[in-house]
Every structure is written in C-alpha cells, then in structure tokens.
Amino acid sequence: MKVLIFQTEDEAKLRAAQIILSRVQSVPNSVLGLATGGTMEAIYAHLIEGSSNHSVSWSETVTFNLDEYWGIPADSAASYRTYMNEHLFKHIDVAMKSTHVPASSGDDPSDAAQSYEDAILTAGGIDLQLLGIGKNGHIGFNEPTSSLSSRTWIKTLTQETRDSNRRFFERLEDVPKYALTVGIGTILASEECIIVGTGVDKAAAIKAMIEGPVSAACPASALQMHRNVTVLIDNDAAQNLDPMEYYQHVHPEGRETELSNV
Ligand code: GLP
C-alpha cells in the first residue's frame, strides 16, 4: 500500500480529487467506482471545482457507486442516488445514463445484486475505485465478517453503522437495516483503489487496514492483497500507525517523491 499522510483532512481529500481528475482527463472513458458518506462531500466539491477550472469533461466517463440502502425509494432524500446527484452528477457533464447506483428496492435483492455485478463486468470492470472507510473497517457496506471474495450482494447493516449514518435520516428507525453493496472481491478486481479516511474516529480502522492481519474482522484489510492501493489519511487518522517514521520518510507529508530522489 502507498500510505500518504497529510497535515490536514482537506489536503488528503484534495489529493483524492486530483487523482480522479487526472484520470478522467487522461482517459476520458474511464470506468470509475464512486463512494458516498461525509468524507466524500469535500472530495466531490473539489472535483466539481477542478472540472470547471481545468475544463475537464466527464461526457465519456462511466461510474458505478459502491452501495445503496435497500428498502427506500431511489429518489428519497437519504438515498445514495440522491446523494450522488446532489453532490456530484448534476454539477458536471457526466451522462446520467452512464451513472450507476445499485437498486434500492425490488422483488429480489439477489437478482438486483447479480445484475449490478454483471453491469460492471460488461463495462469492462472498474479502472479506479474510490473508497471511504467505516469506523469498524467496512468498505462499501461490507461489514466485518463479510467474505473477502464476495461479489455484489445484500448485507445486513450493523447497529454501529446505522448509528453513524443516523445523521442523514430524520429518525433512527428510518435508517434502513439492509444495503446492496459491491462485494470485497469486486473491489479487489478493480485496477486501482484510493481510500480516504480522516479524523481520530477512523484511526483504529486505518491501523487495522494497513498493519493488521488480513481478516474479515476488518474488511478494509483485504486491500493489502490488492497491488495498486493508495491510502490518503490525515495526521489524526494516522495516529496509531507504528512505523510512522518510515511512512514519513517514504512520502514526507504525503508527497510522492520520484524514485531517483528516495
Ligand atoms: C457509509 C458508506 C461507506 C463509507 C462510510 C464512511 O457507510 N457505505 O462507503 O465509507 O459510510 O462514511 P463517512 O465518510 O461519513 O465517515
């Protein structure tokens, strides 16, 4: 894993946006995997600003979101489809038909999961996957104990995750109990991943992801098995890391030095 530790959370989020923007600029028909949550809001704001400042067009870009609550209307205020429309899609020139978010309702969640997985494969797989991380180490909505080779599926949310996401709903009882999420195996099949975690609340999960054993107890630790992962974190989220001098030596303050300068 490439571990980049920044002084502030905004520097980490800005770098994430720069990586995505430079991908869209150099390969306009990229297939991007996108995420939701509080962390992503600033990243998307930077993406919108950067796309406008540098005239980057998303007209050929295809997106697949990681997850969606199951059991709410897709157009409800708290759905991830609404989140994506509001925080990103309606501010850039992406073709709405090229944006994909898992279904939020239907007769059979397993069928919906399979068609989403099939759509990703038909698009040629994910080129660049953006990820956040839950306090318990979840990625997408793959909660602890999820199979590390899972493909898109329906998952039961933990109470901790429902509590964390309570702020996006009027009442706790409105927070769905289930979600459709791309699997950990689906994420591992992407060409490149970037994962962003900031704040002291994420420090334990970040430690387990980077330095812990590969274990279903921390789904994000499966990323240790991926060959091209960049971790973007701030000092607060990095506070439990052990060989801190090493991370700072390789990438001082998150800088990516040329090999010849190392
Ligand atoms: C939700 C999403 C995850 C995201 C996590 C972190 O649970 N399903 O994909 O990583 O939230 O959210 P936040 O950035 O708000 O801490």
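**Entry 1. Ser150**

I began with Ser150, which counts as buried at 5% relative accessibility; buried means under 20% relative accessible area, exposed over 50%, and partly exposed in between, with a 1.4 Å probe and protein chains only. The model is a predicted one, in which local features need pLDDT of at least 70 and side-chain atom pairs count only at pLDDT 80 or more, while totals for chains, interfaces and linings use all residues. I number residues from 1 along each chain as its sequence is written, and side-chain values use heavy atoms, with hydrogens and water left out.

I located Ser150 in the loop between β6 (128-131) and β7. Helices (H or I, at least four residues) and strands (E, at least two) are DSSP runs, numbered from the N terminus. The side chain of Ser150 reaches the backbone nitrogen of Ile184 at 3.0 Å. I then listed the contacts of Ser150 beyond four places in sequence: Asn142, Gly183, Ile184, Gly185 and Thr186. Contact means heavy atoms within 4.5 Å.

**Entry 2. Lys155**

I next looked up Lys155, which is found in strand β7 (residues 153-156). Is Lys155 buried or exposed? Lys155 is buried, with a relative accessible area of 14%. Leaving aside neighbours within four places in sequence, I found Lys155 in contact with Phe141, Glu143, Ser146, Lys177, Tyr178, Ala179 and Thr181. With Ser146, the side chain of Lys155 makes a polar contact of 3.4 Å. A polar contact is a pair of N or O atoms within 3.5 Å; within protein, one must be able to donate a hydrogen and the other to accept it, and residues adjacent in sequence count only if both atoms are side-chain atoms. The C-alpha atoms of Lys155 and Glu143 are separated by 7.7 Å, and these residues are twelve apart along the chain.

**Entry 3. The ligand**

I counted 14 residues around the ligand, the closest being Gly38, Thr39, Asp67, Arg167 and Lys202; a residue is near a molecule if one of its heavy atoms lies within 4 Å of it. An N or O atom in the side chain of Thr39 is 2.4 Å from an oxygen atom of the ligand. For Arg167, the distance from a side-chain N or O atom to a ligand oxygen is 2.8 Å. A nitrogen atom of the ligand lies 2.7 Å from a polar side-chain atom of Asp67. Taken alone the ligand exposes 400 Å², and the protein buries 93% of that. These accessible areas come from the Shrake-Rupley method with a 1.4 Å probe; for residues, only the protein chains shown count as cover.

**Entry 4. Salt bridges**

I counted ten salt bridges, a salt bridge being a side-chain nitrogen of Lys or Arg within 4 Å of a carboxyl oxygen of Asp or Glu. Glu256 and Arg15 form one of them, at 3.2 Å from N to O. Glu256 lies in the segment after α8 (244-250) and Arg15 in helix α1, so the pair ties together parts that are 241 residues apart in sequence. Glu256 is partly exposed at 37% relative accessible area, whereas Arg15 is buried at 19%.

I also noted a salt bridge between Glu192 and Arg23, at 2.9 Å from N to O. This pair links distant parts of the chain, 169 residues apart: Glu192 is in strand β9 (residues 192-197) and Arg23 in helix α1. Glu192 is buried, with a relative accessible area of 16%.

In the salt bridge of Lys207 with Glu211, the closest N and O atoms are 2.6 Å apart. Because these residues are four apart in helix α7 (residues 203-211), about one helical turn separates Lys207 and Glu211. Lys207 counts as partly exposed at 28% relative accessibility, and Glu211 as partly exposed at 26%.

Which residues have the most contacts inside the largest nonpolar core? I found Ile20, Tyr44, Trp58, Met209 and Ile233, in a core of 68 residues. Helix α1 (residues 9-26) gives the largest share of this core, seven residues. A nonpolar core is a set of buried Ala, Val, Leu, Ile, Met, Phe, Trp, Tyr and Cys residues joined through side-chain atoms within 4.5 Å. Beyond four places in sequence, the contacts of Met209 include Met1, Ile133, Ile195, Leu223 and Val231.

The buried residues of α3 are Tyr80, Arg81, Thr82, Tyr83, Met84 and Asn85. Their cover includes β2 (31-34), α2 (38-53), β3 (62-65), β4 (67-70) and β5 (99-100).
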